[in-house]
Amino acid sequence: MRLENKVAVVTGASSGVGREIALLFAKEGAKVVAVARRAERLAALEEQSKELAGEIVAYAGDISLEETNEAMIDFAIEKFGKFDILINNAGLMDNFAPAENLDTELLMRLMQVDVYGPAWATRKAVRVFMENENGGNIVNVASIAGICGGKSGCAYTMAKHAVIGLTKNTAFSYRLNKIRCNAICPAGINTEMTDPALFATADQKGLQNAMLSMNFGTRNAEAFEIADVALFLASDAAAVVNGAIVTADSGLISF
Ligand SMILES: NC(=O)c1ccc[n+]([C@@H]2O[C@H](COP(=O)([O-])OP(=O)(O)OC[C@H]3O[C@@H](n4cnc5c(N)ncnc54)[C@H](OP(=O)(O)O)[C@@H]3O)[C@@H](O)[C@H]2O)c1
C-alpha cells in the first residue's frame, strides 16, 4: 500500500474528483478527513470506507471560510495524531463569461473557493509540516485553465492561474523543509461540474470561444483517472517531484 500510516485532508470530497481521491487514498491505507459542505454525502463515504484498508472520516465545512481551513487540519491531528497530506481539490467553475460580462458576485465567490480556501489551507498545512520530521505534501487540483487563456471564463482562468502561483511559490519556499507542492491540470472531467445542463445557462459568447480550443477529439477524463495522478504525486513514488504542473488532459494543450 502506497499511503500506509499517512493522514490526508481532501477537500471537495462529496463528489467527483475529491470523492475518488478520498476512496483511493483509503484503499492505499491512508486515514482521510473528507471535507465538503454536503454532510450526508460525506457520511455515505465514511460508511463505504469501512471495507477499505484505511479510513475516511467526514468533516462538514465551507472552505471559503478562513476558519474551516484551520479547523479541518486541527480535526485531522486531533483524530489521527498527525497530518501528512493536503489535497486542495474543492472548486467552483464559472459561467464562461469573458471580461466584459464578469459578474462581481461570481468573481468574488470563485476567488474565495478556488483561491483563498487553498491559500488558507496551505498556510496552515506548511506550519504543521515544518514541525514534522518527514515534512508533508500538498497537491492542488488546478486546471488547464491555469495554464491557457481560452478554456473557460475569465474568472475561472484567473483563479486557476492563481492556484499555479500558489503551487510554485509554496514548492520553492519550503523545498528545504521536506515539503512538496504540485498541481494537477486536467481538461474536462465527467463530474457534476461538467453537467451539460449547466452549459445551457452559460455565457454563450464565452462558451463558443472556449469550445473552439477544446475541439481536438480528445476525451474527457473520469474522476478516478485524476485520482490516480493525485495518488502518484502524494506518494513517495514522486519523492523528487516538486513545483510540477502536471497536465492530465489527454494531450489537449499540446495540440
Ligand atoms: N470537472 C472538470 O471538467 C474539471 C476540469 C479541470 C479541473 N477541475 C477541478 O477539479 C476539482 C474538482 O472538481 P470536480 O470536477 O470533481 O467537481 P464537482 O463534482 O462539482 O465537485 C466539487 C467539490 O467541491 C466541493 N465544494 C465546492 N464549494 C465548496 C466549498 N465552499 N466548501 C467546501 N467544499 C466545496 C463540492 O462539495 P459541496 O458542494 O458538498 O460543498 C464538491 O465536493 C475542482 O477544483 C475543479 O476546478 C475540474
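## Helix H5 and its span

Helix H5 has 20 residues, and at 1.5 Å a residue they should span 28 Å; the end C-alpha atoms are 28 Å apart, which agrees. The expected span is 1.5 Å times one less than the number of residues. Helices (H or I, at least four residues) and strands (E, at least two) are DSSP runs, numbered from the N terminus. This is a predicted model: local features need pLDDT of at least 70, side-chain atom pairs count only at pLDDT 80 or more, and totals for chains, interfaces and linings use all residues. Residues are numbered from 1 along each chain as its sequence is written.

Which residues of H5 are buried? They are Cys154, Ala155, Tyr156, Thr157, Met158, Ala159, Lys160, Val163, Leu166, Thr167, Thr170 and Ala171. A residue is buried if 20 or more other C-beta atoms lie within 10 Å of its own, exposed if 12 or fewer, and partly exposed in between; C-beta atoms are placed from the backbone. The buried residues of H5 pack against H4, S5, strand S6 (179-186) and strand S7 (245-248).

Ala145 sits in the loop between strand S5 (136-141) and helix H5 (154-173).

Ala145 touches Lys151, Ser152, Tyr156, Thr157 and Lys160, leaving out residues up to four places away in sequence. Two residues are in contact if their C-beta atoms, placed from the backbone, lie within 7 Å. Ala145 and Ala159 are 14 residues apart in sequence. In space, their C-alpha atoms are 8.7 Å apart.

## Helix H1

H1 covers residues 16-27. Its 12 residues should span 16 Å at 1.5 Å a residue, and the end C-alpha atoms are 17 Å apart, which agrees. How many residues of H1 are buried? The count is 11 of 12, so H1 is mostly covered. Among them are Gly16, Arg19, Glu20, Leu23 and Phe25. After H1 comes Gly29, with a positive phi near 100 degrees.

Ser15 lies in the loop between strand S1 (7-11) and H1. Ser15 counts as partly exposed because it has 16 C-beta neighbours inside 10 Å.

What does Ser15 touch beyond four places in sequence? Its contacts are Arg41, Thr191 and Glu192. Ser15 and Met193 are 178 residues apart in sequence, yet 9.6 Å apart in space, C-alpha to C-alpha.

Ala, Val, Leu, Ile, Met, Phe, Trp, Tyr, Cys and Pro count as nonpolar, Asp, Glu, Lys and Arg as charged, and the others, Gly among them, as polar.

## Where H3 meets H4

Helix H3 (residues 66-80) and helix H4 (residues 104-129) cross at roughly 35 degrees, and their axes come within 8 Å. Axes are lines fitted to C-alpha atoms, for helices over the stretch in contact, and angles run from 0 to 180 degrees between N-to-C directions. The crossing is right-handed: the near helix is turned clockwise from the far one by less than a right angle.

From H3, Glu66, Asn69, Glu70 and Ile73 take part. From H4, they meet Gly117, Trp120, Ala121, Lys124, Ala125 and Val128. The residues of this contact divide into 5 nonpolar, 2 polar and 3 charged.

Asn5 lies in the segment before S1. Asn5 is not a glycine, although its phi is positive, about 65 degrees. Asn5 is exposed, with 12 other C-beta atoms within 10 Å.

Phe96 is in the loop between strand S4 (85-88) and H4. Its phi is also positive, near 70 degrees, in a residue other than glycine. Phe96 is buried, with 25 other C-beta atoms within 10 Å.
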